[in-house]
Amino acid sequence: MQPEEQPLAGHIPAQDRQVRRLLDAGSFAEADAAFDELLAGGSNFVDDRWVRSTVLVHRALLAWRLGRIPLALELIAEGWTELDTQPPSGGSAAHTVSMLGFLLEGIGRRGPAMDLMSLAVQIARDSGDQPSLAHCELREGIARVFRAANQPEQAAHQFAAARELCEEAQALAKPGRVKRSALACLARSLVGTGDVEGAERVAHETLILSRDTSDGYAMALANWVLAVIRRSQGVLTEARTFASRSLESAENIRESFLMMRFSRELAEICKQLGDPVGEAAALRRAVSAAVSAVDILKEGLGQALEQRRVATQAQRMAMAAREAALRDPLTGLANRLGLERMAPVLLERNASAGRVPWLVLLDVDYFKEVNDFAGHTAGDVVLQEVANLLRRECRAGDLLCRWAGDEFVVLLVDAAEDSCDAGPAVAERIRAAVNAHDWRLVLGRLEQKPTVSIGVAAGPHDLDQLFAAADIGLYKAKRAGRNRVENGTDQAETDQELDR
């Protein structure tokens with residue numbers, strides 16, 4: 001027998017993977033105790049050898065399966081916040097994005113879920129990490145198969161996409177849990193695309209492999225596929241047997257999502273058979289009336305997740321600010337009061353050194369469309385991302401400020417560049433960085449991505465005069481088509497001459 005591939009090996013610590021193995025084997029008392037031991041050093045403690053966001057999101061999945069919902073939400077929020085701090089790349093980032101999407105799918109937040117899982121597949125493919133690619137393809141494939149089962153109008157597209165994903169996943173994966181689950185998911189997508197004979201063969205192959213390794217998840221999926229096949233063939237007695245086995249396997253590993261789906265399948269088969277006792281028993285195991293309550297719970301948990309994530313990010317930035325009263329709590333940059341207090345000191349120092357100061361004033365283009373299309377939470381994240389890009393493109397000595405709403409100010413002092421070019425050069429770097437930024441994690445497939453219009457000005461060591469001149473440049477940039485840099489200094493000097 002070939003050695004078993006260890007899912008997430010190299011991305012997740014061994015202790016975390018042990019909890020996952022115990023859960024998959026249905027050993028919940030042992031898994032609970034091992035999880036408590038894992039968290040003894042703190043639920044969010046991650047050794048520096050591992051990618052923090054990946055470990056935290058994986059722990060959120062473990063907590064969710066163990067029924068520790070508040071802890072799961074806290075870990076998701078923190079892991080997602082970690083992921084937001086840098087562009088995702090590599091196998092670990094692919095797993096993080098994929099697990100995050102899969103978890104959001106499971107708790108009913110389907111809007112961003114599929115975008116995240118598809119993005120994870122692309123990240124894994126770009127990284128060249130084949131085991132990670134197979135695992136990410138599997139998660140997306142499973143999500144598409146269940147969407148197809150629940151949304152008949154999209155079934156053909158979803159089954160075709162799932163088949164393509166699972167064919168590649170099972171080909172890439174080494175013998176182990178990922179390969180078995182990919183085979184089971186492939187079997188269901190084969191049924192959906194009309195290859196019933198091939199589906200039955202693959203499902204039986206999956207059952208043999210699963211029984212040898214006590215893989216409850218793949219076993220549950222494979223029995224479900226055979227139940228669907230027998231039901232479509234009108235062999236309802238066998239369909240009921242397979243559906244009962246699939247539900248039993250799902251219950252043994254406490255996969256609530258599978259339990260709900262398979263119990264409904266079993267109830268429908270029993271109804272077709274004229275077996276009211278079996279139908280009632282199946283319904284008691286899921287209770288159809290409770291589905292609506294579960295959906296409400298999922299929606300509430302999803303909203304709590306969004307709120308918790310934003311609160312976690314805002315709290316982190318607020319704690320990092322040395323003087324909270326002078327900082328914007330959303331972005332961590334100086335606020336308007338901070339700029340007004342700190343700018344005179346910096347301008348005076350600049351004047352003493354004989355240098356010319358530059359003020360950069362920027363405004364986020366199409367920000368209203370972001371709020372209208374993606375929501376104010378996404379709008380807040382856009383502002384945070386712009387703030388992070390400003391930090392990246394400016395020097396530690398420059399003063400960065402969120403002036404108001406979606407307007408930002410950068411005061412350049414002690415410029416190393418030629419004073420005649422410093423402002424426009426920095427402004428163009430900022431504009432290009434925002435224009436090239438990957439917004440998919442934040443906004444999904446929003447057609448009009450955010451850009452910035454920028455006005456720059458140089459001249460007197462006076463904040464009000466610099467701001468007025470830069471505002472003229474910003475107005476010119478907006479009028480000229482947005483996503484550009486304009487110098488307002490010349491126009492401001494012309495206006496002053498006319499006033500004289």
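The legends below describe close-up views of a predicted model, moving from a five-stranded sheet to the second largest pocket.

View 1. At its edges lie strand 2 (399-404) and strand 5 (485-487), each of which pairs on one side only. On average, and with direction ignored, neighbouring strands of this sheet are turned by 20 degrees against each other.

**View 2. Strand 1 and its two antiparallel partners.** Strand 1 covers residues 358-365, and because eight of its eight residues are buried, this strand is largely enclosed by the rest of the structure; buried here stands for a relative accessible area under 20%. Strand 1 runs antiparallel to strand 3 (residues 407-412), to which six bridges join it, and within strand 3 it is Val410 that stands opposite Val360. Strand 1 also pairs with strand 4 (residues 451-458), again in the antiparallel sense, over eight bridges, with Trp358 standing opposite Ala458 of strand 4.

**View 3. The parallel pair of strand 4 and strand 5.** Three bridges connect strand 4 with strand 5, and this pair is formed in the parallel sense. Val485 in strand 5 is the residue that stands opposite Ile454.

**View 4. Two helices in contact with the sheet.** Helix 18 lies across strand 1, strand 2 and strand 3, and runs at about 10 degrees to strand 3. Helix 19 (residues 422-436) also packs on the sheet, where it touches strand 1, strand 3, strand 4 and strand 5, while its direction makes about 175 degrees with that of strand 4.

**View 5. The second largest pocket and its lining.** The second largest pocket holds about 490 Å³ of space, and among the 23 residues that line this pocket, Pro112, Ala374, Ala378, Val442 and Leu443 are the closest to its centre. By residue class, the lining is made up of eleven nonpolar, eight charged and four polar residues. At least two lining residues come from each of helix 4 (69-84), helix 6 (110-127), helix 15 (288-320), helix 17 (367-374), helix 18 (376-393) and helix 20 (440-443). Of these contributions, that of helix 6 is the largest share, with five residues.

Note on methods. Residues numbered from 1 in each chain as written. Predicted model: local features only at pLDDT ≥ 70, side-chain atom pairs only at ≥ 80, totals over all residues. Heavy atoms only, no water. 1 Å grid on protein atoms, 1.4 Å probe; cavity = no way out; pocket = protein on both sides within 12 Å on 5 of 7 lines; lining within 4 Å. Points joined across faces, edges and corners; volume = space filled by probe spheres on them. Helix = DSSP H or I, 4+ residues; strand = E, 2+ residues; numbered from the N terminus. Nonpolar A, V, L, I, M, F, W, Y, C, P; charged D, E, K, R; others polar. Buried < 20%, exposed > 50% of the residue type's maximum accessible area, 1.4 Å probe, protein only. Pairing = 2+ DSSP bridges. Axes fitted to C-alpha atoms, helices over the stretch in contact; angles between N-to-C directions. Contact = heavy atoms within 4.5 Å.
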